[in-house]
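My notes below follow the order in which I looked things up.

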Amino acid sequence: WVCPSSNQFLSRTMSLHTWVNATALEDNGWGEIIGCVNPQSWAAVGIGLSIGLSVVGAAWGILLTGGSLVGASVKAPRIRSKNLISIIFCEAVAIYGVIMSIILISKYGTGGDADVMSCNDLTTEMYFAGFGIFWSGVTVGLSNLACGVCVGITGSGCALAHAQQESMFVKMLIVEIFGSALGLFGVIVGIIMSTDAAFP
């Protein structure tokens, strides 16, 4: 077996796939490949990241606050019912991601345009919609990931403080509410980013 030259490799690859122009690929390199990724693929990744990172954030928060809640309730059983609110706040983070994914999937379209046969057929509107949905999903996913960790750590501290002193619960609950609002801010920004992003 003889290793083919780059030109032979490109010609063989492009004979199978006419999506990317071989000359443009030689001139632009990886930029041509990334630029010719179908915008609906970017949108699909954004939608997946929106719900996926939100669920990871919620699970991480429940992991952090649940261990402290269970451990502290061994010595102070009275904290069990009140501190379940921390688990609910963490779960709300995942719900934010589900809601945003539903909003973004409504902008996704029918799954492709039959008239688009090559990279040159992609329009500016398609790129705008694809990248708009992608970055909207990334924004929501990362903000909910950070929000879940924030609420989880705060809820853990709330459970431990409440076990030591009854009056600390309401004060810590206010901190949790403000931490949970961060995820809601991410959803609002994601909605604004994707307002005009819809496939033609």
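**Helix pairs**

I began with two helices, H6 and H8. They pack at an angle of about 5°, and their axes are 10 Å apart. An angle under 35 degrees counts as roughly parallel, so H6 is roughly parallel to H8. I note here that the model is a predicted one.

Next I listed who makes this contact. From H6 I found Ile 85, Ser 86, Phe 89, Tyr 96, Met 100 and Ile 103. From H8 I wrote down several residues, including Phe 169, Leu 173, Glu 176, Ile 177 and Val 187. Sorted by class, the contact of H6 with H8 has 11 nonpolar, 4 polar and 1 charged residues.

Then I turned to H7 and H8. H8 covers residues 168–193. The pair packs at an angle of about 175°, with axes 8 Å apart. Angles over 145 count as roughly antiparallel, which means H7 is roughly antiparallel to H8. By class I noted 15 nonpolar, 13 polar and 1 charged residues in the contact of H7 with H8.

**The whole chain**

I stepped back to the overall picture. How many helices and strands does the chain have? I counted 8 helices and 0 strands. From the N terminus on, the elements run α-α-α-α-α-α-α-α.

The chain has 200 residues, and 42% of them count as buried. Its accessible surface comes to about 11,100 Å². Carbon and sulfur atoms hold 70% of that surface. I also checked the contacts with a separation of 6 or more: residues 24 or more positions apart account for 82% of them.

**Nonpolar cores**

I looked for the largest nonpolar core and found 12 residues in it. Among them are Ala 43, Ile 47, Tyr 96, Met 100, Tyr 108, Ile 133, Val 187 and Phe 199. Which elements give two or more residues to this core? They are H4 (39–75), H6 (84–105) and H7 (124–164). Tyr 96 and Met 100 had already turned up in the contact of H6 with H8, and Val 187 is on the H8 side of that contact.

I followed one member, Ala 43. Leaving aside neighbours within four places in sequence, Ala 43 is in contact with Tyr 108, Gly 130, Ile 133, Phe 134 and Phe 199. There is also a second, separate core of 11 residues. It includes Val 93, Ala 94, Cys 158 and Phe 169.

**Two single residues**

I picked Gly 97, which lies in helix H6. Is Gly 97 buried or exposed? Its relative accessibility is 0%, and buried means under 20%, so Gly 97 counts as buried. Apart from neighbours within four places in sequence, Gly 97 is in contact with Ser 50, Ile 51, Ser 54 and Asn 144. I also looked up Gly 48: it is 49 residues from Gly 97 in sequence, and their C-alpha atoms are 9.6 Å apart.

My last stop was Glu 166, in the loop between H7 and H8. Its relative accessible area is 41%, so Glu 166 is partly exposed. Which residues does Glu 166 contact, leaving aside neighbours within four places in sequence? I found Arg 78 and Lys 82. Arg 78 is 88 residues from Glu 166 along the chain, with 9.4 Å between their C-alpha atoms.

Methods. Residues numbered from 1 in each chain as written. Predicted model: local features only at pLDDT ≥ 70, side-chain atom pairs only at ≥ 80, totals over all residues. Heavy atoms only, no water. Helix = DSSP H or I, 4+ residues; strand = E, 2+ residues; numbered from the N terminus. Buried < 20%, exposed > 50% of the residue type's maximum accessible area, 1.4 Å probe, protein only. Contact = heavy atoms within 4.5 Å. Areas by Shrake-Rupley, 256 points an atom, 1.4 Å probe, with all protein chains shown as cover. Core = buried A, V, L, I, M, F, W, Y, C linked by side-chain atoms within 4.5 Å. Axes fitted to C-alpha atoms, helices over the stretch in contact; angles between N-to-C directions. Parallel < 35°, antiparallel > 145°, perpendicular 65-115°, else oblique. Nonpolar A, V, L, I, M, F, W, Y, C, P; charged D, E, K, R; others polar.
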